[in-house]
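Please look over the structure shown below before reading on.

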Amino acid sequence: LDLRPLYTLYEHKKCMYQRMQYIFNNNYIKEMPDVLPALKAIEQSASVLYKLQLKYQFSSNNNILAEIINKLSEIEAAEKQVLERILEEIRRTIDLKAIV
């Protein structure tokens, strides 16, 4: 298996976490206390995926592939929830700025 897709996924999640830190630190949107920990957990899960893929490379254990697929679904669900909350806050911020 090619390692690049899951490593790229991990790098993307890492960048998303850093972007949200930047957005909150510069007050572009109101800080949401539970968002950064949730994004950090998603980033760490993506890191685990990459490491599981490395483990699979050495063992060829098909159970590891099943675990990777399950974890991908978990990451998708978790990220969807977080991104929907962020999007709502962005919409609220835009609406407030339009009023002012």
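Glu89 counts as buried because its relative accessible area is 7%, which is under the 20% cut-off. The model is a predicted one, and in it Glu89 belongs to helix α3, which covers residues 62-99.

**Surroundings of Glu89**

- The side chain of Glu89 makes a polar contact with the side chain of Arg92, at a distance of 2.8 Å.
- When neighbours within four places in sequence are set aside, the residues in contact with Glu89 are Ile29, Lys30 and Met32.

**Helix α3 as a whole**

- Helix α3 contains 38 residues, and the distance from its first C-alpha to its last is 56 Å, close to the 56 Å expected at 1.5 Å a residue.
- The buried residues of α3 are Ile64, Ile68, Ile75, Glu79, Val82, Ile86, Glu89 and Thr93, and the elements that cover them include α1 (4-25) and α2 (35-59).

**The N-terminal end of α3**

- Asn61 caps the N-terminal end of α3, with a side-chain oxygen that lies 2.9 Å from the backbone nitrogen of Asn63.
- Asn63 is itself placed in helix α3, and Asn63 counts as exposed because its relative accessibility is 58%, which is over the 50% cut-off.
- Asn63 and Arg4 are 59 residues apart along the chain, and their C-alpha atoms are separated by 21 Å.

**Packing of α1 against α3**

- Two packed helices are described by the angle between their axes together with the distance between those axes.
- For α1 and α3 the angle is about 20° and the axes are 13 Å apart, so α1 is roughly parallel to α3, given that angles under 35 degrees count as roughly parallel.
- The crossing of α1 and α3 is left-handed, and the contact is made by Leu6, Leu9, Lys13 and Met20 on the α1 side and by Ile68, Leu72, Glu79 and Ile86 on the α3 side.
- Ile68, Glu79 and Ile86, which take part in this contact, are also among the buried residues of α3.

**Packing of α2 against α3**

- The axes of α2 and α3 come within 10 Å and cross at roughly 165°, so α2 is roughly antiparallel to α3, given that angles over 145 degrees count as roughly antiparallel.
- The crossing of α2 and α3 is left-handed.

Technical notes. Residues are numbered from 1 along each chain as its sequence is written. This is a predicted model: local features need pLDDT of at least 70, side-chain atom pairs count only at pLDDT 80 or more; totals for chains, interfaces and linings use all residues. Side-chain values use heavy atoms; hydrogens and water are left out. Helices (H or I, at least four residues) and strands (E, at least two) are DSSP runs, numbered from the N terminus. Buried means under 20% relative accessible area, exposed over 50%, partly exposed in between (1.4 Å probe, protein chains only). A polar contact is a pair of N or O atoms within 3.5 Å; within protein, one must be able to donate a hydrogen and the other to accept it, and residues adjacent in sequence count only if both atoms are side-chain atoms. Contact means heavy atoms within 4.5 Å. The expected span of a helix is 1.5 Å times one less than its number of residues. Axes are lines fitted to C-alpha atoms, for helices over the stretch in contact, and angles run from 0 to 180 degrees between N-to-C directions. Angles under 35 degrees count as roughly parallel, over 145 as roughly antiparallel, 65 to 115 as roughly perpendicular and the rest as oblique. A crossing is left-handed if the near helix is turned anticlockwise from the far one by less than a right angle, and right-handed if clockwise.
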